[in-house]
Amino acid sequence: MSNQTDHWQKWIPILEKEYAMEMEKAPRPCSEHGSDHVFRVLRRCVTLGEKLSADLEILVAAAYLHDLGMHYAPARVHGCLSAEKAQPVLERIGFPGEKRDPVLLAIRTHDISASSEDRKTLEAKIFFDADKVDAFGVIGVLRYIRVVYGKLPIDFIIEDIESRWEGLSFSETRETALEEYQYSKNYFVQLKKELEMDSYGLELGFVSILKGK
Ligand SMILES: [Fe+2]
Ligand SMILES: [Fe+2]
């Protein structure tokens, strides 16, 4: 196991350098999909990948390169653009030829435009789960607030959290992410409730003012 671990780990400094170079070129760097997101996704890929005996070399490359497209054209559908940007990087660093397509598949199919049937490999499924659960927990709440809150209704956020949870491929992911999922969902359900109470209170206040009370 330690040899396999060493083997995939050798790509970290190489991909980190490539990632930094790509970010320097990117016209619209998106902080919510920056290096901290990459590291969290990578950490989950390793935990889940080791449990399910996946190819960690494929997962580490996918983790570093999966959101490159997001820094060019921020959109929920960005997997294909990210794969386009990732392909020359894999060639440049001499990534094993037989593993390039599996990396690109995981990248292409990690956004909402792909279905679970499109994620044909173990690594693509693991990668999808590792990326999706970054919307859960304290960090997930912060990401929703930065990206979505105020632009779309809170119901959209609650539904998005639920659909991410339902779309996960592995019970192992659900076991490790259950608390964080509940935290995010409860936070936005409670936020909605409190904001509704506030607006009801404001209405009552206005009624009192109109009645001269
Ligand atoms: Fe993404
Ligand atoms: Fe991502």
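**The crossing of two helices**

Guide: This is a predicted model. In it, the crossing of α5 and α6 is right-handed.

Visitor: How do α5 and α6 run relative to each other, roughly parallel or roughly antiparallel?

Guide: Helix α5 covers residues 79-92 and helix α6 covers residues 97-108. Their axes come within 8 Å and cross at roughly 155°. An angle over 145 degrees counts as roughly antiparallel, so the direction of α5 relative to α6 is roughly antiparallel.

Visitor: Which residues of α6 meet α5?

Guide: From α5, the residues taking part are G79, C80, S82, A83, A86, Q87 and L90. On the side of α6, they meet R100, V103, L104, I107 and R108.

Visitor: How many nonpolar residues does the contact of α5 with α6 have?

Guide: The residues of this contact can be sorted by class. There are 3 polar and 2 charged residues. The nonpolar residues number 7.

Visitor: What pattern does the protein chain follow along the sequence?

Guide: The protein chain contains 10 helices and 0 strands. Read along the sequence, its pattern is α-α-α-α-α-α-α-α-α-α.

Visitor: What percentage of the residues in the protein chain are buried?

Guide: A residue counts as buried if 20 or more other C-beta atoms lie within 10 Å of its own. The protein chain has 213 residues, and the buried share is 38%.

Visitor: What does the C-alpha trace of the protein chain span along its principal axes?

Guide: The span is given along the principal axes of the C-alpha trace. It is about 75 × 40 × 30 Å.

Definitions and conventions:
Residues are numbered from 1 along each chain as its sequence is written. Chains are lettered from A and ligands numbered from 1 in the order in which they are written. This is a predicted model: local features need pLDDT of at least 70, side-chain atom pairs count only at pLDDT 80 or more; totals for chains, interfaces and linings use all residues. Axes are lines fitted to C-alpha atoms, for helices over the stretch in contact, and angles run from 0 to 180 degrees between N-to-C directions. Helices (H or I, at least four residues) and strands (E, at least two) are DSSP runs, numbered from the N terminus. Angles under 35 degrees count as roughly parallel, over 145 as roughly antiparallel, 65 to 115 as roughly perpendicular and the rest as oblique. A crossing is left-handed if the near helix is turned anticlockwise from the far one by less than a right angle, and right-handed if clockwise. Two residues are in contact if their C-beta atoms, placed from the backbone, lie within 7 Å. Ala, Val, Leu, Ile, Met, Phe, Trp, Tyr, Cys and Pro count as nonpolar, Asp, Glu, Lys and Arg as charged, and the others, Gly among them, as polar. A residue is buried if 20 or more other C-beta atoms lie within 10 Å of its own, exposed if 12 or fewer, and partly exposed in between; C-beta atoms are placed from the backbone.
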